[in-house]
Amino acid sequence: MGELWPNLGSIMGSLVFIYAMFKQFFPDHLQDYFEKYFKKLVSFAYPYVEITFDEFTGERMKRSEAYFAIKTYLSNKSSASAKRLKADVVTDSQSVVLSMDYNEEVTDEFQGVKVWWSANRTIPQSQRISLYPADDEKKYYKLTFHRRHRELITETYVSHVLKQGKDIATKKRQRKLYSNSPSDSWYGYKRSKWSNVVFEHPATFDTLAMEASKKEEIKNDLIKFSKGKDYYARIGKAWKRGYLLYGPPGTGKSSMIAAMANLLDYDVYDLELTAVKDNSELRRLLIDTSNKSIVVIEDIDCSLDLTGQREKKKEKDSDENESNPVEKKAKEEDKKESKVTLSGLLNCIDGLWSACGGERVFVFTTNYVEKLDPALIRRGRMDKHIEMSYCCFEAFKVLAKNYMEIDYDPSFGEIEKLLGETKMSPADVAENLMPKSDDDKVGTCLERLIEALKAAKEEAIKMAEEEARVKAENEEKQKQQSEKEKKELQQSDKDVKEVKENGDVAKEVKESGVAD
C-alpha cells in the first residue's frame, strides 16, 4: 500500500506530460480525430446523456428564453437542496430569485426518472473589452440523464420544464400598465414602442358597484376564456375576446378594466389611437404586445373618425377651400396626425393579424354606443356588450360596504326609493359616501347622500319641465308657422285665381272689340 501513492503520482505525471506533448506537437486535425474517437470509446462505458442550455442563443445579445425558464423552474429545488446559492433580482419580478451557484448540482424526478441539473460557466482565458457579453463568460445549465430515458426526457420532460418555468415567472412577475410611445421614439438604445409603469390598481370585482349576478356572469366569462386555449384551437378561432363597455360617465368603466386585469393577472396596454400615424404602425404596436394582456381603447367614439359609416370618397372639392390657405393648412395638419382607418383597426382586432399572439382581451369603452359603426362592435369583434348603468340599490349596498363597512341602516329604504326615482352615477354616490373629515360619521355620510339624491331629483324634474316647456314652445311655433304657410298658400291660390279671372275678362273684351 505504501508503494501505491508514489506509483500513482508518477503515472499521473506521465499522463500530464504526454497530454502536453500531444497538444503541442500533434496537428489540430489529428487532435480532433483522436478526441472524437476517444469520446466514442468513453461513451460505451459512460451510459449518461448530457444536454446543454446556453444563456445566449446564436443571435448576438439575444438571451435564451429556455435558459431563464430553467433558472426559474430550478429556483425552488435549488433553495431546498443546493448548498451554495445565488440571489438575483430579475427584471419585472416581485421577489428575489434564488438559484444554485456555479458548479452546484440538484436532482429532479419526472415520472419516476431521476435527472441531474448543474449550473456551469467557462471564463475567458484573456481579459478583453467586448460589446457582446456572449463572447466572454459562457453560462449554461447542463441536464444529465440515463440514455435509456432519452425519448422521455427529450420529448416530454424538457417541454414540461420550460412550460413550468414560464408559468412560474408569469405568476411572480410585476404586472405592467403600458402606453404606446410616438413612433419617432421607437428606435435607438433602450427605446421601445411601449412605455410602462407598475400596474397597482386595487379594483376587484368585489369592490365594483354592480349587481352581483352581473358581476358573476362577467367573471365566469373571463375565467372560461382564460382556460380556453384548446377550445379556441379546436373551433379555429384566434384566442382572443372583445368586450364593449358603454354607459354614462362615472359608471365604473375604467374600474371594470382594472378588475378584469386583477382577476386574470394580465398586463394592460392602453392604446392611444391619436398617437398612431397609420394602419402599419397600429399593426406593429399590437404585434409587440404580450400574451396574457388586455388591450384597451378608451372613449373610442372620441379617438378617431371611427364613429359613423365608413368614409366615402368625395368626388369634388369646393374652390372656396382651395382658396382659403388657413383651412387648407388645418386639413394638412389633420392628415399628418393620424391616418388610422376603421378598416385598419378591424383588421388588427379581427383579421389575420389578430392571430399574432394569444390569450388577449380587447376592451373598448364609450359613452355613446349609438355613435359607433355597427361593423366595429358586432359579435366576433366585441363579443360581449356590458352596459355600465347608473347606480342601483344593489350597487349602492356594495359602495356602502366598501366606504363605511356597513350592511344595513334604517335610511336604506329612503335611499332605495330615491335611487329608483333619479339617475346618479356610482362615482357621485361614492363621493357622497366618502367621509370628508374624522368627524364624519355613517349617519352624516348617508344624510349627505340623501340630500344629494333629493337635489338631483329636483334638478331632473326642473330639466324635464324645461324640456317640456321648450318642446311645447317649439310645437307652438311650428303650428303657427304651419298656419302662416297655409294662409300664404291660400292667399297665393286666391291671387292666382283672380289673375286668371281678370285675364279671361280681358280676353273677352278684346275679342268683343275686334268683332265690333
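Student: Rings of Phe, Tyr and Trp (for Trp, its six-membered ring) count as a pair if their centres lie within 6.5 Å. With that settled, which residues do ring pairs link into a cluster here?

Tutor: The cluster consists of F53, F110, W117 and Y157, joined by ring pairs. Please keep in mind that this is a predicted model.

Student: How many aromatic pairs are there in the whole structure?

Tutor: The search finds 15 aromatic pairs. One of them brings together F110 and Y157, with ring centres 5.3 Å apart and planes at 55°.

Student: Is that pair stacked, edge-to-face or tilted, and why?

Tutor: The F110 and Y157 pair is tilted because its planes stand at 55°. Stacked would require planes under 30 degrees apart, and edge-to-face would require over 60.

Student: Where in the chain do F110 and Y157 lie?

Tutor: F110 belongs to strand β4 (residues 105–110), whereas Y157 belongs to helix α5 (residues 150–172). The two residues are 47 apart in sequence, so their pair ties together separate parts of the chain.

Student: And F110, buried or exposed?

Tutor: F110 is buried, since its relative accessibility is 12% and the cut-off for buried is under 20%. Y157 is buried too, with a relative accessible area of 0%.

Student: What about W117 and Y157, what is the geometry there?

Tutor: The ring centres of W117 and Y157 are 6.4 Å apart and the planes make 40°, so this pair is tilted. It also links distant parts of the chain, 40 residues apart: W117 is in strand β5 (residues 113–122) and Y157 is in helix α5. W117 and Y157 are both buried.

Student: Changing topic: which ring has K371 over its face?

Tutor: K371 lies over the face of Y368, at 4.6 Å from the ring centre.

Student: On to charges, then. How many salt bridges does the count give?

Tutor: The count comes to 18 salt bridges. In one of them, the side chains of D265 and R173 meet at 3.9 Å, N to O.

Student: Where do D265 and R173 sit?

Tutor: D265 is in the loop between α8 (253–264) and β10 (267–270), and R173 is in the loop between α5 and β7 (176–180). D265 is partly exposed, at 28% relative accessible area, whereas R173 is buried, at 14%.

Student: What is the N to O distance for the salt bridge of D267 and R173?

Tutor: The side chains of D267 and R173 meet at 3.5 Å, N to O. Strand β10 holds D267 and the loop between α5 and β7 holds R173, so this pair ties together parts 94 residues apart in sequence. D267 and R173 are both buried.

Student: Which residues do salt bridges with shared partners join into a network?

Tutor: The network joins R173, R175, D265 and D267.

Student: Which residue forms a salt bridge with R381?

Tutor: That residue is D350, and the closest N and O atoms of the two are 3.2 Å apart. D350 lies in helix α13 (residues 342–350) and R381 in the loop between α14 (374–377) and β13 (384–387), 31 residues apart. D350 is partly exposed, with a relative accessible area of 26%, while R381 is buried, with 14%.

Student: How many disulfides does the search find?

Tutor: The search of the whole structure finds 0 disulfides. For C356, the nearest cysteine sulfur is that of C348, 9.5 Å away. C356 is partly exposed, at 34% relative accessibility.

Student: Lastly, what is the mean pLDDT of the chain?

Tutor: The mean is 81, and 76% of the residues reach 70 or more. Over residues 308–320, however, pLDDT stays under 50, and the model has 10 contacts beyond four places in sequence for that stretch.

Student: And the chain as a whole, how many helices and strands?

Tutor: The chain has 18 helices and 13 strands. Of its 516 residues, 33% are buried.

Definitions and conventions:
Residues numbered from 1 in each chain as written. Predicted model: local features only at pLDDT ≥ 70, side-chain atom pairs only at ≥ 80, totals over all residues. Heavy atoms only, no water. Helix = DSSP H or I, 4+ residues; strand = E, 2+ residues; numbered from the N terminus. Buried < 20%, exposed > 50% of the residue type's maximum accessible area, 1.4 Å probe, protein only. Lys NZ or Arg CZ within 6 Å of the ring centre and 35° of its normal. Disulfide = S-S within 2.5 Å. pLDDT = per-residue confidence, 0-100. Contact = heavy atoms within 4.5 Å. Salt bridge = Lys/Arg side-chain N within 4 Å of Asp/Glu carboxyl O.
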